[in-house]
Amino acid sequence: MVSLSTGASRSLATVATQTPWKIARRAFTLAAVKIFLFYVIFYGCLAGIFIGTIQALLLTLSNYKPTYQDRVAPPGLSHTPRSVKSEIAYKKSNEESYSKYTDAMTAFLKMYDLDIQTDGQNYEDCGVTPQTYKDRGGLEDSELGQRKACRFDRKLLGVCSGLDDPHYGFNEGKPCLIVKLNRIVNFKPRAPTNNQSLPEALQAKSQPNLIPIYCKNKREEDESKIGEIKYYGMGEGFPLQYYPYYGRLLHAQYLQPLVAIQFTNLTLDQELRIECKVYGANIDYSEKDRYQGRFDVKFTISS
Amino acid sequence: MGDKDKSPKKKKGGKDMDELKKEVPITEHKMSIEEVCRKFQTDCVQGLTNAKAAEYLIRDGPNALTPPPTTPEWVKFCRQLFGGFSVLLWTGAVLCFLAYAIQAATEDDPAGDNLYLGIVLTAVVVITGCFSYFQEAKSSKIMESFKNMVPQQALVIREGEKVQINAEEVVGGDLVEVKGGDRIPADIRVVSAHGCKVDNSSLTGESEPQSRSPDNTHDNPLETRNVAFFSTNCVEGTARGIVICTGDHTVMGRIATLTSGLETGKTPIAKEIEHFIHIITGVAVFLGVTFFILAIVLGYSWLEAVIFLIGIIVANVPEGLLATVTVCLTLTAKRMAKKNCLVKNLEAVETLGSTSTICSDKTGTLTQNRMTVAHMWFDNQIHEADTTEDQSGASFDKSSVTWLSLARVAGLCNRAQFKAGQDALPILKRDVAGDASESALLKCIELCCGSVRANRDRNKKVAEIPFNSTNKYQLSIHETEDTNDNRYLLVMKGAPERILDCCSTIMVQGKEQPMDEELKESFQNAYMELGGLGERVLGFCHTMLAEDQYPKGFAFDTDDVNFQTDQLCFIGLMSMIDPPRAAVPDAVGKCRSAGIKVIMVTGDHPITAKAIAKGVGIISEGNETVEDIAARLNIPVSQVNPRDAKACVIHGTDLKDLSQDQMDDILRNHTEIVFARTSPQQKLIIVEGCQRLGAIVAVTGDGVNDSPALKKADIGVAMGISGSDVSKQAADMILLDDNFASIVTGVEEGRLIFDNLKKSIAYTLTSNIPEITPFLLFICANIPLPLGTITILCIDLGTDMVPAISLAYETAESDIMKRQPRNPFRDKLVNERLISIAYGQIGMIQAVAGFFAYFVILAENGFLPSRLVGIRLNWDDRSVNDLEDSYGQQWTYEQRKIVEFTCHTAFFVSIVVVQWADVIICKTRRNSVFQQGMRNKILIFGLFEETALAAFLSYCPGMDVALRMYPLKPSWWFCAFPYSFLIFVYDEVRKLLLRRNPGGWVERETYY
């Protein structure tokens, strides 16, 4: 524009000097566009190939059961509320300090509300005492369709059911923990075969179709400080009629059995380490995995 | 910042250097002795007074070479530790520690990854730093080698008394005395001399001892006869002189200071690596910042984003590359050493490959460094003698009687003799006591006519006049071998015109004929012709002394000549030259076809220099100098257009008057240049001139006078056999066999390693993408981390190493000696095309292969790809011990982490698998692998080695604890196979298109 307003000769000169530059720029942009196009096509093809191989992978997978289960079994033992760094600490008198625990329990137990379990299509009663496994047909037997799930009544959890006490004993310094054995498709936990391996307290009340659970102090010196521990749930353990689990697709309504543990007399203002363990013939513990077949938790309740 | 600090200092140093680069400012040789005495207030008989000497000593300092300020060892070590590539790794390490510090401050249980990575990076830099330090520690002893040349003692005359003093105490004005075998203690102006000869070879490169006398014979102090130089040797005779310069001010001192003080530039490969670091850093910072912003946008906290930023930058650092490059260069250095090129400085390995100009010394490098009889003229005809090293050349008719006479004169009138105890050696290899021309004659005669010594025994010498510069001839008188003949034989040799003057007859075909005008003309022509070949011509004549005048037992008086020295019979001429080495013309030709300009720089005379240059092809056949054109057209030199002449011969004295522009002009416009009669400073100026034009310059030389140029050159090449200690110290490379042809090997190896380094780097960089992308997807898609820090290190410092190094053993794809030297401004070691291929294409395929393996493992364990996106927060939460997978199963933290680490292992194994294909495609840049073949055994070993290592890391018990790597199910090894195949096919197709379409789009955008 400027060059137009000035003398003709000068504008000519500017054009002459600018043109090669413009050509160079156009050539450059053209090259850039070409390269860009190339990469678009290249990555397009690559993405196609990737999606193709992923599709091929998915074809090889079963809908009902993962190819390998050697890493997920034996099952983990998990508890609600979760502990951060396996620590549960709160102030008895301060509701805010424990509401995150109780809220989590309420949310979790909502799945076990009886009014969801009324539907007879999906649920059935499996008795009130521990019984043996309930076989609902082969896993890959697609004609059988959805499998029924055993009902699990929250009332079994007694004072820890949250039905009567929305604080789950936290306000009294008698906190509850809800414990479950992690779900594994087609996994049948077996009751302990050998009584000798059980802790003394369990040996007396051993039942055949039950995976018992037992908690005790982790450290010697805490022995006198943890007081009585109460267990609630069918047979105070995990009854076998709830197994096996048929996977999300076939067993969408499945409810895993729960056990509630209440620590009724914990010494206040002290860090107490408690270890809970389930016992079964095919349940293992690992040095490294602190949640496989057991867990430990630190309680610090201040008044 | 560092540059800013340095610049004023450098400027000052530069000024001193410029001063030193000027010609020697000695003027005393033009003064009369009295003037010199007056200048130094000394006396040419009595010498200095002790008081004056002490005063001067305090004023001028001791007569010794001042060592340059040496950099302390720890500074050198630090330079290795923090220079070049290391900076990148250090930055990485510091960032790692920083990230760890941030994590440690904000989290209770920080992941150790960054700490380990920082430690490993530090270890890598320190180890490679130490390695290079010990490599370099051997060199840089220039000043020490100069000091070895300095004499210890000197004989001075003070207050009229001769005193032996320490050479350091010699001062200007001292009257010193030297005799044969002494080293000259300072630069001296000769006052009186008796048959004094000095060996100036270390200064000027001239191997002939030169006589010294009080007369000024030349304006140039280096050429005049009346100055003898510090630390040169007095070979014979005695001389007395006044010291005019001492210590650092002497000619030798100036060379020493110049050499040790010269700042040498970075080697081409160092520049390339710097450029490479810029690219890598650019990519790393770009990626880091992009994902930093992305992380912020995605809602990560500032702190997390910073840690991601650091992680991405560090992941871009190719940890193993520094070691790979060092090892590749070391391997090539070893290979070159086997071929007689000893490389002192590792980085110089590649420099010869980039060289575009070679400035070669003549004596010893291009030539055999021994005078040899090249031509003879007798029977009115020029005969050619055999000058080859192995006597394979042509011979001439030896049956002529004239030749026998010539051989007899040459053998008898000759003081040279073989040193004892060498009978087993071939004649040409034997050591000779005597000057170069006489040795040449001796060897020539010994070769043609058998033992000279036996001949001398049969013809006893009765009198002799040795050669001197006034007579310009040498004469001896012998008894004849025929016992019945009582006549004496007089034999004589010397400057041809001088000999001719003494002769009245000439021998033709064994018969004496009177010397007529026609024969004289013929003689003149032969003399001119041989002289024009740059050869040193000697004339020979003899006569039988008449028995009646000189009966047996006649007392010949050589001082007061009492016998006939004229009316002799002229026999012939013999001419000598230091002939070129046999392999040199071929080597020069190879350099030519490799696009390398060969310039001859010599201290010798222009005619000789030009003759040798023509002989070895530095001035190729048919090319003319300005002077040649002028002579051909019969016009004055000034009328010739200098552009018409491709070749030129430039005399040192002309060079002195040239401006920088004129110098550039000469270097730019002449392809074939010979510099004759050059001083050490001029050699340096020539080298700098070439470098100013952008050339990468190699300099070969053997003398002390070459050392500044050797040091300044991009690569100085010294001679292993004939080279002086100083030149070897100043050089970067030593030719163990002194043969110019070895340089060609060096060039070839250098070019090959440059190509192969490209391949190595392309290979190593490729795996960077599959190492970074997991982290990027971890951030963006919130999936469990597919590849961990430890596995990245296992790739970079483990499996990738041997294949990357093996590429250094790759053979050339085409004749690398047929292409032009690389243009240091355009042909980069690592360019955007290499990055585009390695990062944008092959790397991406590799990343996809890794991700496929990752998804396979997670899916087969229950986590389908759809479940993974967004799972990261729960996945990495230790308190979540019932994480559901796609099948409704619940996982504890540790259980799913084992799966995650199995994924890392599988991703790692997949990278190994795709790197198989990568190393095979990196073998070539243009050819197909099927053309190149798989003959590289180290590479095949590398393939097996990396696979074995990967299997070991995966399956060895205890690895789960040590490196968190878990055994893979066999089928998981095959996940990456299709992608490996894809890489191979993709690149073969690319290279096919590249070959089919030279200069096409594929070549422009993908040929690295």
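Reply:
**Salt bridges**

D755(B) and R819(B) form a salt bridge, with their closest N and O atoms 3.0 Å apart. D755(B) sits in helix 27 (residues 740-766) of chain B, while R819(B) sits in the loop between helix 30 (801-806) and helix 31, so the pair ties together parts 64 residues apart in sequence. The rule asks for a side-chain nitrogen of Lys or Arg within 4 Å of a carboxyl oxygen of Asp or Glu. Helices are DSSP runs of H or I with at least four residues, strands are runs of E with at least two, and both are numbered from the N terminus.

This is a predicted model, in which local features need pLDDT of at least 70, side-chain atom pairs count only at pLDDT 80 or more, and totals for chains, interfaces and linings use all residues; side-chain values use heavy atoms, without hydrogens and water. Residues are numbered from 1 along each chain as its sequence is written, chains are lettered from A and ligands numbered from 1 in the order in which they are written.

D755(B) is buried, at 9% relative accessible area. R819(B) is partly exposed, at 29%. Here buried means under 20% relative accessible area, exposed means over 50%, and partly exposed is in between (1.4 Å probe, protein chains only).

Next, E624(B) and R632(B). Their closest N and O atoms are 2.7 Å apart, in a salt bridge. E624(B) is partly exposed, with 23% relative accessible area. R632(B) counts as exposed at 52%.

K897(B) and E900(B) also form a salt bridge, at 2.7 Å between the closest N and O atoms. They are three residues apart in helix 34 of chain B, so about one helical turn separates them. K897(B) is buried at 9% relative accessible area. E900(B) is buried too, at 4%. Elsewhere, salt bridges with shared partners join E272(B), E350(B), R822(B) and K828(B) into one network.

Over all chains the count is 50 salt bridges. Five of these cross the interface of chain B and chain A. One pair is E884(B) with R183(A), whose side chains meet at 2.7 Å, N to O.

On the side of chain B that touches chain A, the elements giving two or more residues include helix 31 (832-860), helix 34 (893-922) and helix 38 (977-996). Helix 31 gives the most, with 12 residues.

The contact takes 45 residues from chain B and 48 from chain A; contact means heavy atoms within 4.5 Å. About 4,000 Å² is buried between the chains, 58% of it on carbon and sulfur atoms. That area is the accessible area (1.4 Å probe) that two parts lose on being put together, summed over both.

Finally, confidence. The predictor gives the complex an ipTM of 0.90 and a pTM of 0.84. Chain B has a mean pLDDT of 85, and 95% of its residues reach 70 or more. Residues 1-14 of chain B have pLDDT below 50, and this stretch has one contact in the model beyond near neighbours in sequence. pLDDT is the predictor's confidence in each residue, from 0 to 100. Where pLDDT is low, the predicted coordinates should not be read in detail.
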